[in-house]
Amino acid sequence: MILKEELKYSKSHEWIALDGDTAVVGLTDYAQSELGDLVFVNLPEVGDTVEAGEVFGDVESVKAVSDVYSPVTGEVTEINEELLDSPELINDDAYEAWFIKVKDVSATEELLTAEEYKAFVESKQE
Amino acid sequence: MLIFEKSRPGRGCDLLPASDVEIYLPEEKDKREQPLHLPELSEGELSRHYTELAKKSHGVNDGFYPLGSCTMKYNPKINEDMASLPGFTEIHPLQPEHTVQGCLEIIGEIENSLCEITGMDRMTLQPAAGAHGEFTGLLLIKAYHESRSDEKRTKILVPDSAHGTNPASAAMAGYKVVSIPSAPDGGVDIEKLREAAGDDVAGLMLTNPNTVGLFDKNILEITDIIHECGGLCYYDGANLNAVMGTVRPGDMGFDVIHLNLHKTFSTPHGGGGPGSGPVGCKEMLSDFLPSYLVEGEETLHLEKPANSIGEMKSFYGNFLVVVKALTYIKTLGREGIPEASRNAVLNANYMMNKLKDLYPMAYDEICMHEFVMSLADLKKKTGISAMDIAKGLLDDGIHPPTMYFPLIVDEALMVEPTETESKETLDDAIAVFRKLYELAETDPEKLHQAPVTTPVTRLDEVNAARHPHLRYAF
């Protein structure tokens, strides 16, 4: 399980890079490895509002479709359109393959540090 | 080889009689710019082509097909005999009612039988299959709330063990879907349901027995909670095969229900079916049903309900499928229907108990018509996943169970043997499952390669999903 110290994590397996009131959100390496080869990604549109704890997109593997939850409340300023054509980028490097950029971040889900997230994932596996 | 690749210009088998009416050709501007790409083959070639395809496929006539929540039971041949009677086939949907009284009688009779089996008051036969039925049922729920000017109800509650079609149908009907977690025992988490229930809830969609093969013991409390908050209860009939003739969704507190005639009532499932997903409801919803319902005592006629939501499909649904289902119901009769269910449950429990020392069960208790095992431990231990076991089954002529569903079970395989399989077939399948488990431990690489005996071997599903070829390029 690859983790990045500088990022924060949600219990629904998203990573988030917070900078003031803007944020970048993606799916954790653990999530992509559990889901397996991803074949389809559904993202919101620029200008959409996302809410902390609410679904903002989904990813589809050969096995199943899974919702992706937003760890923050705010407005989508950019989406990673590359993922729409090449969902495998998420499998290649989950931390490069960001999903959305958000501005005016007003609220966040409970966020974990890399260490806390690692402990959370391990507790679930037992 | 595709049929288009076998095609040769000018070869064909259309021997049309000379026209005895005046020939009218469309004007030049209305004519097709390019000829249609239709394959041209002789009848012999055509016959061989489809026989070859049939040999490559696997159906209930080839072998065991324990696809969970799909009820791939045997389709008795008498169903086909009845559905091919000229009185049912040589008719036109716009024929005057007095000339098709027999067909109307069939529609009326199966409506009565299915209402009796499910505890509903009226039923439409229009929906073409399960998800179409779900959508129809949700529109009934919507029409009901709207008729009472109760417009704040925007949510449909769906347990996280539900079939994926449930949330999809609810979203399509314009509702916001709220997922209700399952309790550790596999049933609906009652406390979470209570929290979600409120005056913004239009209804709950539930499958019972649910997709982990368990009958929810709290079902009366569940439907009560929804009714108390003013919502309606929708029963997904996918798993009715476990309980038909024993308990009725209507008595469990459900207000609207769909059935899958192609699952529970032995009409062809898969391969184009076609399917049939009748929707039944309690009296207070019957005014909203899609047209048409059969009414009348001596002379039957078709009638559109007063506040009908409109047409869900042309005419009367897949009528010949309905004929097959009614044949099945009449063949089994009042005693046979619950007996079929009891045997379905017995077969599932037999298989589960013969496998559970090797394969961990997601919920190790008496199951209904299907059971779910989790291969998470095996995968951790050997690298062999549910997918690998499923592929291995193919080499022994067994259609794999449902894989990776329900989503709440890791590395899930969901097995539904159905009542139409003999003890010998079940014993054979059990032996194959056990052999594959052994192989996973001794020679996992071999299992990664499976299947090797099928017309096509392991497919590159990831590549196929990422870069699908969706049409044939001429």
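Predicted model: local features only at pLDDT ≥ 70, side-chain atom pairs only at ≥ 80, totals over all residues.

Visitor: Over how many bridges does β2(A) pair with β3 of chain A?

Guide: Six bridges link β2(A) to strand β3 (residues 22–27) of chain A, again in the antiparallel sense. Within β3(A), A:V24 stands opposite A:A17. The two strands form a hairpin with two residues between them, and A:G20 in the turn has a positive phi of about 60°.

Visitor: What joins β3(A) to β9 of chain A?

Guide: Three bridges do so, and β3(A) runs antiparallel to strand β9 (residues 100–108) of chain A. A:A23 has its bridge partner, A:V102, in β9(A).

Visitor: What is the strand order of the open sheet, and which strands are at its edges?

Guide: The sheet has six strands in the order β1-β2-β3-β9-β8-β5 (chain A), with antiparallel pairing. Its edge strands are β1 (8–9) and β5 (49–50) of chain A, each pairing on one side only.

Visitor: Is A:K63 buried or exposed, and why?

Guide: A:K63 counts as buried because it has 21 C-beta neighbours inside 10 Å, the threshold for burial being 20 or more. Leaving aside residues up to four places away in sequence, A:K63 touches A:G36 and B:Y404.

Visitor: How many residues of chain B are in contact with chain A, and of which classes are they?

Guide: Six residues of chain B are in contact with seven residues of chain A. On the chain B side, four are nonpolar, none is polar and two are charged.

Visitor: Let us turn to domains. What does the domain assignment of chain B give?

Guide: The assignment gives domain 1 (78–331) and domain 2 (334–463) of chain B. Their C-alpha centres lie 30 Å apart. The contact takes 19 residues from domain 1 of chain B and 19 residues from domain 2 of chain B. The domain 1 side comprises nine nonpolar, nine polar and one charged residues. As a separate matter of record, an unreviewed UniProt entry places "domain: Glycine cleavage system P-protein N-terminal" on residues 30–294 of chain B.

Visitor: How is a nonpolar core to be read, and which residues touch the most other members of the largest nonpolar core?

Guide: Nonpolar side chains tend to be buried together in soluble globular proteins. The largest nonpolar core here has 119 residues, of which B:Y234, B:V256, B:V322, B:A412 and B:L413 touch the most other members. Helix α12 (residues 319–355) of chain B gives the largest share of this core, 15 residues. Because domain 1 (78–331) and domain 2 (334–463) of chain B both contribute residues, this core lies between them. Another core lies apart from it, with 31 residues, including A:V41, A:F56, A:Y69 and A:I100.

Visitor: Which residues does B:V256 touch?

Guide: Residues up to four places away in sequence aside, B:V256 touches B:G137, B:L140, B:I141, B:L232, B:Y234, B:V279, B:C281 and B:L285.

Visitor: Why is helix α14 of chain B largely enclosed?

Guide: An α-helix has 3.6 residues a turn, so residues three or four places apart point the same way. In helix α14 (residues 386–394) of chain B, eight of the nine residues are buried, so the helix is largely enclosed by the rest of the structure. The buried residues of α14(B) include B:D388 and B:K391. They pack against β11 (402–403), β12 (412–415), α15 (423–442) and α16 (444–449) of chain B.

Visitor: Finally, is B:N463 buried or exposed?

Guide: B:N463, in helix α17 (residues 461–466) of chain B, is exposed, with 12 other C-beta atoms within 10 Å.

Definitions and conventions:
Residues numbered from 1 in each chain as written. Chains lettered and ligands numbered in written order. Core = buried A, V, L, I, M, F, W, Y, C linked by C-beta atoms within 7 Å. Helix = DSSP H or I, 4+ residues; strand = E, 2+ residues; numbered from the N terminus. Domains from an automatic or database assignment. Contact = placed C-beta atoms within 7 Å. UniProt positions renumbered as here; feature names shortened; annotations may be inferred. Pairing = 2+ DSSP bridges. Nonpolar A, V, L, I, M, F, W, Y, C, P; charged D, E, K, R; others polar.
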